[in-house]
Amino acid sequence: MLTAIRNTLATRIEARIRDLYGLTHQARPEIPPRRDLGDLSFPGALQLARDVKKSPRQIAEEIVAGLELPEGVREVRVEGPGFLNFYLDRGRMTAALLREPLIAVPEETGKKTIVEHTNINPNKAAHIGHLRNAVLGDVLARLLRALGGTVEVQNYIDDTGVQVADVVVGFVDLRGLTIDAIRDLPEPFDYTCWDLYAEVGRWFGEDTERQALRRQTLHELESGEGARAEIGRLVARRIVSRHLRTMRRIGVDYDLLTRESAILQLDFFREAFERLAAAGAIRLETEGKSAGCWLMPLSDSSEFAGLEDPDKIIVRSDGTVTYVGKDIAYQLWKFGLLGLDFGYRYWQEEEIWESAVTGVDDHPAFGSAYQVINVIDKRQSYLQKIVRAGLERLNYPDEAARSIHFAYEMVALSPAAAARLGYSEASTDGKRLEMSGRKGIGVKADDLIDQLEAKSREEIQARDGSLPPEELDSRAHAIALAALRFFMIKTTTNRIIAFDFAEALSFEGDSGPYLQYSLVRTANIFRRLREESIDDEVKPEHAAALPAELWEDDLWDLIFSTAEIQERTEAAIASLELSQIARFALEMAQKFNTIYHRHPILQEGDVERRTARLATARIFSKGLRTLTELMGLPIPERM
RNA sequence: GCGCCGCUAGCUCAAUGGAUAGAGCUCCAGACUUCGAAUCUGGCGGUUGGGGGUUCGAGUCCCUCGCGGCGCGCCA
């Protein structure tokens, strides 16, 4: 509705400018910073002043003189240096917001978007950096679906990579365990591997000869045959199971697990390799330090200009394939360009589809996307560029353009958090500390979630000590989840999150629980009204008929915010800046909480006044619920 | 060396080129017999890293310098 008014206004203003001055001017009415400056604003008179050779205010007056206002616009004023400020019909907009969904779902386009996220190496526990990835990916998928998109969420499992190989070496060569002994290791298996992986790293460091074991193991993993491959499969399977459990705790799930082992064993890479070679995109190096490698020359591309070594190795001299090589094959498959497909198997215990060498006949259709969004941290921008370059060189420029790297900065540890893990301020030089799975530095995801739940439980019991345990657990979980998810999306993606326990565990101010608390307040009001046999709903036509002066500025300011939800959601997707949604939700809740103290509803004796306030609370509740659902925050009835 | 990112209040962060640069936290002073104080009100706090430029208008765009981080692996 807001967009419709905005568009009509733009068209009419453009026509006025054409009639008056014979100029073509792109009019895009903006939303002014404060509501007392109107609801929509056109600054174009300022820009036109030079060409028209009149003062901006005079131009604004001339435009206004013959401007027919669209339905729903009550008034226009010329204000400030020459802004045209438009004021909406408040009752009419309120009625529309009560009546209509806040996000209009467009027609299905049939174009699928694949969102790939999480992608944790299956060799250790997930840490809080992985949570940022998973939450961003999950919220992205929710937003795309809310706007009518077809979305397939994939979690890539690198089960044949160096990281898994290292843990296999740890179990076999360092611990001397058999496959049965590994199978019998107790949970949390991912925690055991976390420590072992760091230990193996140190062990390799002590004697570089030992790295031969890594190469041998990696070979076996790639071929899929032999005892080490068998152990690799066991390790990866047990770890993935733990990762899925962790992610389920925070409400993240997937449509498909894609396994690197399947990519290799189904010859996806061989197919991609042959095409790349035939297209001249890769060549066999015969001399120099990279002799025996297949590499992709990148020196001719401006995108890679200035690099020290502008050629990227795709196949190593020992015949194994680098990650980026496999990723090119995978990306081709995602677009349905490879001509090969996975087998698919349903993993019963985890209730999820996964790719496999051989599969069942009856499975959902996977792959063949129109657009692919890879959620991967910013440090991998270079590799993502190479994947795109691969598509371009195979003459798929459109698919390359629709290969989107959703990049975000890493999560590091604040000096205080580092100190808590045993790294003193002196050792970190008072700076934040980068997490490292290889070194075993990091806050494990499950540990943080546990702490959040414990803190929630404390807070709830401080307010109501007589809750049954199940109710306590369920509320604590909902609050912990909201705190975590909100924490991960409230910061803009190009900023490093310096993780701090005190901040992450805060349920006040800029936090998920603050949003939940606002909604609990509305629910309480509605419930109390029903208890007093007062209608807790407001009919749209009733709202429209209320005297205009009842829509006070602060009520209207909040109502108008909810009218912006559609455009704000679209903007967040377009810019891939999901923090905009979090900030917007926060703004709305802040406005509501102020109004809550200033405009009581139950105590208001004047029925019409009460109705206007109730309508505001209703619309706010509807709006914030929409946003919290988009962010995947649960909405408790009480907390 | 080349490229990318960051630098805004004491701290953590916002601000589609637009109107008086805003929140949260901290600190100080207040508001619970009222719809839940996980809240709200008020106060303290700014040369938006420095310097040039473009523009009617710059935290935002361009140039330049500084500081910090990341990338440029036969790791991913």
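Predicted model: local features only at pLDDT ≥ 70, side-chain atom pairs only at ≥ 80, totals over all residues.
The largest pocket has a volume of about 1,100 Å³. Its lining comprises 40 residues, and those closest to the pocket centre are Asn119, Asn121, Gln163, Asp377 and Gln380. Several secondary-structure elements contribute to this lining: helix H5 (128-146), helix H6 (162-174), helix H9 (211-223), helix H13 (323-334) and strand S12 (371-377) each provide at least two residues. By class, the lining of the largest pocket consists of 15 nonpolar, 14 polar and eleven charged residues.

Two or more lining residues come from each of helix H18 (445-463) and helix H21 (512-531). The largest share is that of H18, which supplies four residues. Eight nonpolar, two polar and four charged residues make up the lining of the second largest pocket.

Strands S7, S8 and S9 form an open sheet of three strands in the order S7-S8-S9, with antiparallel pairing. Strand S7 (283-284) and strand S9 (311-315) are the edge strands; each has a single partner strand, so one side of each lacks a neighbour in the sheet. Strand S8 (residues 294-297) is joined to S9 by four bridges, and the two strands run antiparallel. Within this pairing, Leu295 has Ile313 in S9 as its bridge partner. Helix H13, which also contributes to the lining of the largest pocket, lies across S8 and S9 and runs at about 75 degrees to S9.

A further contact involves helix H8 (residues 189-206) and helix H10 (residues 227-249), whose axes come within 9 Å and cross at roughly 120 degrees. The crossing of these two helices is left-handed. On the H8 side, the contact is made by Phe189, Asp190 and Cys193, which meet Val235, Arg238, Ile239 and Arg242 of H10. Sorted by class, the residues in the contact of H8 with H10 are four nonpolar and three charged, with no polar residue.

Conventions
Residues numbered from 1 in each chain as written. Chains lettered and ligands numbered in written order. Heavy atoms only, no water. 1 Å grid on protein atoms, 1.4 Å probe; cavity = no way out; pocket = protein on both sides within 12 Å on 5 of 7 lines; lining within 4 Å. Points joined across faces, edges and corners; volume = space filled by probe spheres on them. Nonpolar A, V, L, I, M, F, W, Y, C, P; charged D, E, K, R; others polar. Pairing = 2+ DSSP bridges. Contact = heavy atoms within 4.5 Å. Axes fitted to C-alpha atoms, helices over the stretch in contact; angles between N-to-C directions. Left-handed = near helix turned anticlockwise from the far one by under 90°.
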